[in-house]
Amino acid sequence: MKCQQNFVNTTLFFADNIHAVAISAIDRDRQSTLRFNNISDLLKAGNNPNTLSSLIPGAPIFIPFLSGIKHEDYPSIPAGDAVPWRIRSKAIGGISFNLLAAATAFVICSSNLSLPYFFRLFCQAFTVANLLIAFCSWTDFYTLATGIGENFYCGNFGFICQRRKDDEDLLLSERMTNIYYQMGRETEIRGEQAGGGLVIAQNQDKQLVFVGDKLVNRKRDNLTNSLERAFALVRQKSQNNGIAPLEMTTTGVWHYRFGTSGPPAIIETHWHEWMSARVERVWEFTEGQWVCRDKNINHRITHNGDFDAWTLYNQEVSNEALGLWLERALHTYNYALGDSPKIAGMIDLLVTKGMWYASARLAYHLAGADSIESSFEGQTPHRDAPNTAATILKLSNWAKVFENTFMLYRKLLSAPDSPACNQYLYRLEQDVLQVIAKDDMISQWSWQKRVNFVRTAIHAFFHNDLNLATKTFMAGAIGTFGLVVVSTLEKERLVIGAKGQPMSIGFNKQDNYMVYASEPAAVDAVLLNLPQSLRLDLNQKEGEIALVSANEISIYSLEKGEELNYLQLEDRWISMENHPYLPHVKYPTCNTQDPIASDNQEIPAIFEEIKLDWKNPDSLNCQSADYLVQLLSEKARNFDQQRQKMLRAGLSKLSRQLPTVDLLIIGIENSLWLGERFCQDLRIIFPWLNVRSVSSNQILQQLKHNFGSLQLGKDSIILAVTQSGQTFPTIQAINALDQLYRQGEIKELFLLTGELGSFLGSPVIKVKEAKLEEHYHKIFVNGSGRRTSEPATVAVAAAQQTLTELLLYLAKNIKQALPNSTPPFGMTLTSQSIAVLENMKDDFVEVSVVQIMGATPTGKKIDSSIEKELIKSGRKWAWHIIETPTAWAIHALYILITVGWAIPFGYTIPLAKTLLASLLWLLPIPQDSFVLQLINSVVTLIDIGIYIFGSWLWTLGIRYVQGRELLARIGKRSLVIGDVPWVNQLLKNYVSKLFSLSYGIRHRLS
């Protein structure tokens, strides 16, 4: 047995090395140095004690899941280029080797029976070992199937907490874990595809390190719970290995990734790093002198948005070309395909403070090289181009020149930021120039290029910390960014950037901690109603970068190019304790195991709350609606006056509608479709009102390229519909339209949202002129609060009901505001018809909704025949959807029983043959009769037919038992939704997201 164990472990060792050869061969289009590194991976098992120790005679056998070895310690090798076809080709290498080796040994052993016993035993052991490894290579099978290999519109959130005595000696204490749960559950609103988290800790040498984990969420699992379970094990293992929390603070960084630019994969999940942790010499100015220490260097980022390009050598370099360039600039390959890892690479390049090698490297690429093509022998960046970037040896030699000269001046450079230091910096620059000019490469440069190179390196050494590096990156970056940058060089601070993406920062001054999130509600969930708690939203339109600690913040404006002072920020702080809108903020409790059932259960209560809210004249919705009534009534008077003039001038055909838009409704997907329905209803009630509904994306395009096509005028009113208040195209459109409002180009901007947290303190909801009284509001809330988007159940229902209330409110109050004039905008409803519609609406809320949902507004279940009939019909429909996999499961069970019977008893029991055998046992029929032989042949054919057509037969059986039509179509299904367009679109989106929560048992939707 021990011999067999060593065969298995040795076979595994060679299979891994076959992977290394395959990776090197398939990735042959990289630079020669990278190919050499791949070949050198043949010895990579030496880096894993579990692999080499398993080759010792008598060592335990390695079988995944059964060997007691944790997943992270499994023998592995980096996969190389992550292009799917390359990944699949490299994955099949190990499997093919094992199967070929097993087949060869089996043929040798079975074809020559005269072989010595020991050699036959050797062949048998070798065959079994290779087959075992081949069938245990589950990662290779997974990679072969998916084309995804890691080792072969997102949510940012986190915190910095000052530690307390009751935090114990844990990397994340219980109170910190509770903060994570609160923020994670609010960030789940957009989906739960994948996530990662990390904390900053210290090793036994007091070096700062990251402890982190990532995972791709399983179907219908809760990402917050799943990630914490996995992350908790990683933290525990790290502490067992001597990793400890910092003494003063704990920094935690998390990111949830949603379906954006690629399939879910660990390698594409945030956090991201380009260069892995490494120890380097770092100079620090401390206690009045320069001290050099060896430090663990590691920078990581999390990012929401799209990184399109970076300005380099006065040209826009796409992130794809930038990635190729970074491989050569940093001498490090990165396997991730997305845009965010390139940001991590730029941070690795730009953070240089106290490091002469990194400073010389940055100076060469910014001031020494002439273009990005300089690293590709003058060619357009591509992987096959020769690598002509400065080598590691060349950069190291330059760094030695800088450092040796710096050593002569370090006592004179005692105050790096003082004016007196400048003269010594100049002398340092001149001395470096004299020495470094002797270098064979630099000697060919012009004098000005040498000066720029040296000055850039010296400036980078003294100033390029994490904060300045982030400013430099974002100043030259093109795209949208909700960016968080964290480094082992900054144990108590991190950098947060917002440009085209939201980022909110909150402080609890009493308990000394800071939280941040891309979802403002995640900050509110932690700080709501706590004393001395404040929130500040970074200005994503102008672009801002915040350097934060547990109790301090400094903000830099990209647009203004300066640090913002206290007075500039004073009005932007939102009190989480006393803000007037806080009573309206709602955080529903949701059953994460079945969010759809939880949503349905809450619909009656939310509808009742909406009805009562619109009957209260002091409510926020009624006050906002009164303001809208005032604006539309004023428009109606002006319209009537202009119409009378046109009629007197004989222009009756032109008097029905003015050319400019009176009311423009914008939104995305569900919000847009609800807005379109509201738009149609308004046209029915007010035929002469010029009302349009447009997608937020279309608004952005037309504002940029063809503003006139929107037909907006100085009296136009906008209603933006966004359930979460964070839908990026809608928010960007709101910001652009708010600018038009501030400039007087449009009349007013209203918002309809699910909760107020996203707009607390936003300038969008502030009035433009002081003469407007404070009770005039511009925001409507549908009462549904924070809801996940998969699928949108109560959110859509609440938004539709709120728009219905608003529609009737406008009709009733505009008519009352203009009692003596002609029907405003050609209004078609009378007072009596409005009253009838209101009664129908109330009856729907009080009776119909309760019967449909089977629950009262208080949450009490009732006996409802309508609900029972709906559930019965739904289950019947569901059986149509799942009958195919059910039939497969029954047929698989049938095969397992009938064929598996042979394992203990030596014979199978197919259905027809077994029934015939039972009949023959009861009836004395001779076994050799011609009739029986004929029957046996027929029965065998019947059993063959059952095995071949079993799934279809079981489908018929299921239908017969359930009383459904037997001969209906079997196989793929098309769902046809027959309703008006807005209902069709909402239901199609709903069912699509509903199926996304299933376990892959789904059919085509059309």
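Contact here means heavy atoms within 4.5 Å of each other, and the structure to which this is applied is a predicted model.

By that criterion, Q801, T804, E805, L808, A811, K812 and K815 in helix 23 meet S831, I834, L837, E838, K841, F844 and V845 in helix 24. The residues of this contact divide into six nonpolar, three polar and five charged. Two packed helices are described by the angle between their axes and the distance between the axes. For helix 23 (residues 794-817) and helix 24 (residues 831-853), the angle is about 155 degrees and the axes lie 10 Å apart. Since angles over 145 degrees count as roughly antiparallel, helix 23 and helix 24 are therefore roughly antiparallel to each other, and their crossing is left-handed.

The loop between helix 23 and helix 24 holds F825, whose phi is near 50 degrees, a positive value in a residue other than glycine; F825 counts as buried, at 3% relative accessibility. A positive phi, near 55 degrees, is also found at Q711, again a residue other than glycine. Q711 sits in the loop between helix 21 (696-705) and strand 21 (717-721), and with a relative accessible area of 39% Q711 is partly exposed.

Another backbone feature is the cis peptide bond that joins H270 and W271, with omega at about 5 degrees; W271 belongs to the loop between strand 5 (249-257) and strand 6 (278-286).

Turning to the cysteines, C161 is buried, with a relative accessible area of 0%, and C679 is buried as well, at 1%. With a cut-off of 2.5 Å between cysteine sulfur atoms, the count of disulfides comes to zero.

How values were computed
Residues are numbered from 1 along each chain as its sequence is written. This is a predicted model: local features need pLDDT of at least 70, side-chain atom pairs count only at pLDDT 80 or more; totals for chains, interfaces and linings use all residues. Side-chain values use heavy atoms; hydrogens and water are left out. Axes are lines fitted to C-alpha atoms, for helices over the stretch in contact, and angles run from 0 to 180 degrees between N-to-C directions. Helices (H or I, at least four residues) and strands (E, at least two) are DSSP runs, numbered from the N terminus. Angles under 35 degrees count as roughly parallel, over 145 as roughly antiparallel, 65 to 115 as roughly perpendicular and the rest as oblique. A crossing is left-handed if the near helix is turned anticlockwise from the far one by less than a right angle, and right-handed if clockwise. Ala, Val, Leu, Ile, Met, Phe, Trp, Tyr, Cys and Pro count as nonpolar, Asp, Glu, Lys and Arg as charged, and the others, Gly among them, as polar. Buried means under 20% relative accessible area, exposed over 50%, partly exposed in between (1.4 Å probe, protein chains only).
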